[in-house]
Amino acid sequence: MNPAFWEVWNLVFPDGLTCMACEGDAEDGKALCPACRADFEAWDGEGEALWVYGGTAEKLVKKLKYAGQTAIARVIGYAMAEYIQQNHITADALVPVPMAFFRRWRRGYNQAQLIAQALSHYSGIPCLPRALVRRHRAAPQASLGRAARLQNLQGALRPGPQKVAGLRVLLIDEVYTTGATAAACSRVLKSAGCTQVRALTACRVPAPGLQDKP
């Protein structure tokens with residue numbers, strides 16, 4: 001990570017005394033302890049993902065999803081903005097992977113949408129959070145393999161009121177596991193007329209058997 005990333009991190013989490021990842025002592029008022037910071041900086045992006053799902057990155061994603069620490073989305077959004085600039089990724093719109101209404105109501109937010117909105121802020125690419133919607137609440141994906149995930153998502157998504165016809169879309173999510181969710185979203189977006197769909201996630205699960213989603 002370049003110095004600008006850590007400048008944004010420390011603006012989002014000023015004067016932190018506790019490490020955001022391991023909850024140990026964060027030295028010098030930083031949001032990560034030295035060990036977690038070194039761990040976080042060690043990973044290179046794999047495919048269309050910023051980090052491998054594990055270690056510090058996994059802890060931060062879980063805190064974003066389950067502990068209500070939504071400011072982490074702003075840091076991920078900034079890192080994604082750096083990533084797409086460095087890798088010359090172009091898009092006309094950002095579309096977050098949608099959540100079912102009940103799951104979003106229970107959590108209070110859609111973490112993919114928060115990341116997409118932060119990325120939109122830093123990149124200038126419009127965010128279309130209503131381009132995709134969930135028809136119904138699908139079963140949790142975590143215990144399912146790729147084939148079962150695809151079956152689970154069949155009919156669960158539909159185009160939303162925000163139009164994507166003629167647009168190149170960057171699909172945003174927090175974790176990529178089997179690609180089933182990205183594939184299902186891509187089919188629906190292309191059926192609505194978008195010309196290209198690429199997926200970008202915060203983390204990618206590196207091997208079968210590691211689970212990412214509740």
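Contact, as I use the word in these entries, means heavy atoms within 4.5 Å.

**Entry 1: the model**

I note that this is a predicted model, in which local features need pLDDT of at least 70, side-chain atom pairs count only at pLDDT 80 or more, and totals for chains, interfaces and linings use all residues. Residues are numbered from 1 along each chain as its sequence is written, and side-chain values use heavy atoms, with hydrogens and water left out.

**Entry 2: the chain as a whole**

I looked up the secondary structure and found eight helices and six strands. Helices (H or I, at least four residues) and strands (E, at least two) are DSSP runs, numbered from the N terminus. Their order from the N terminus is α-α-β-α-α-β-α-α-β-α-β-β-α-β.

I then looked up burial, where buried means under 20% relative accessible area, exposed over 50%, and partly exposed in between (1.4 Å probe, protein chains only). Of the 214 residues, 49% count as buried. The chain exposes about 10,000 Å², with 51% of that supplied by carbon and sulfur atoms; accessible areas come from the Shrake-Rupley method with a 1.4 Å probe, and for residues only the protein chains shown count as cover. Among contacts between residues at least 6 apart in sequence, 73% join residues at least 24 apart.

**Entry 3: Leu 128**

I asked where Leu 128 is found. Leu 128 belongs to the loop between helix 6 and strand 3 (132-134). Its relative accessibility is 15%, so Leu 128 counts as buried. Not counting residues up to four places away in sequence, Leu 128 touches Ala 93, Leu 94, Val 95 and Pro 96, and also Gln 162, Lys 163, Val 164 and Leu 167.

I traced an open sheet of four strands in the order 1-6-5-2, with parallel pairing. Two strands pair if DSSP finds at least two bridges between them. Strand 1 and strand 2 (93-96) are the edge strands, each with a single partner, so one side of each has no neighbour in the sheet. On average, neighbouring strands of this sheet are turned by 30° against each other, direction ignored. The axes are lines fitted to C-alpha atoms, for helices over the stretch in contact, and angles run from 0 to 180 degrees between N-to-C directions.

Strand 1 and strand 6 pair in the parallel sense over three bridges, and Trp 51 stands opposite Cys 203 in strand 6. Helix 6 packs on the sheet, where it touches strand 2 and strand 5, and its direction makes about 130° with that of strand 5. Helix 8 (residues 180-191) lies across strand 2, strand 5 and strand 6, at about 160° to strand 5.

**Entry 4: the nonpolar cores**

A nonpolar core is a set of buried Ala, Val, Leu, Ile, Met, Phe, Trp, Tyr and Cys residues joined through side-chain atoms within 4.5 Å. In soluble globular proteins, nonpolar side chains tend to be buried together.

Which residues touch the most other members of the largest core? They are Ile 76, Leu 170 and Ile 172, in a core of 35 residues. Two or more residues each come from strand 1 (49-52), helix 3 (55-66), helix 4 (71-86), helix 6 (111-123), strand 5 (168-176) and strand 6 (196-204). Helix 4 gives the most, with eight residues. Ile 76 touches Leu 50, Trp 51, Leu 64, Ile 115 and Ala 202, residues up to four places away in sequence not being counted. I also found a second, separate core of 17 residues, which includes Ala 93, Val 169, Ala 184 and Cys 185.

**Entry 5: aromatic pairs**

I found two aromatic pairs. Rings of Phe, Tyr and Trp (its six-membered ring) pair if their centres lie within 6.5 Å; planes under 30 degrees apart count as stacked, over 60 as edge-to-face and the rest as tilted.

Tyr 78 and Tyr 122 form an edge-to-face pair, 5.1 Å centre to centre with 85° between the planes. Tyr 78 lies in helix 4 and Tyr 122 in helix 6, so the pair ties together parts 44 residues apart in sequence. Tyr 78 is buried at 16% relative accessible area, whereas Tyr 122 is partly exposed at 30%.

Phe 102 and Trp 105 form a tilted pair, 5.8 Å centre to centre with 35° between the planes. Both lie in helix 5 (residues 101-107), three residues apart, about one turn of the helix. Phe 102 is partly exposed at 36%, and Trp 105 counts as exposed at 60%.
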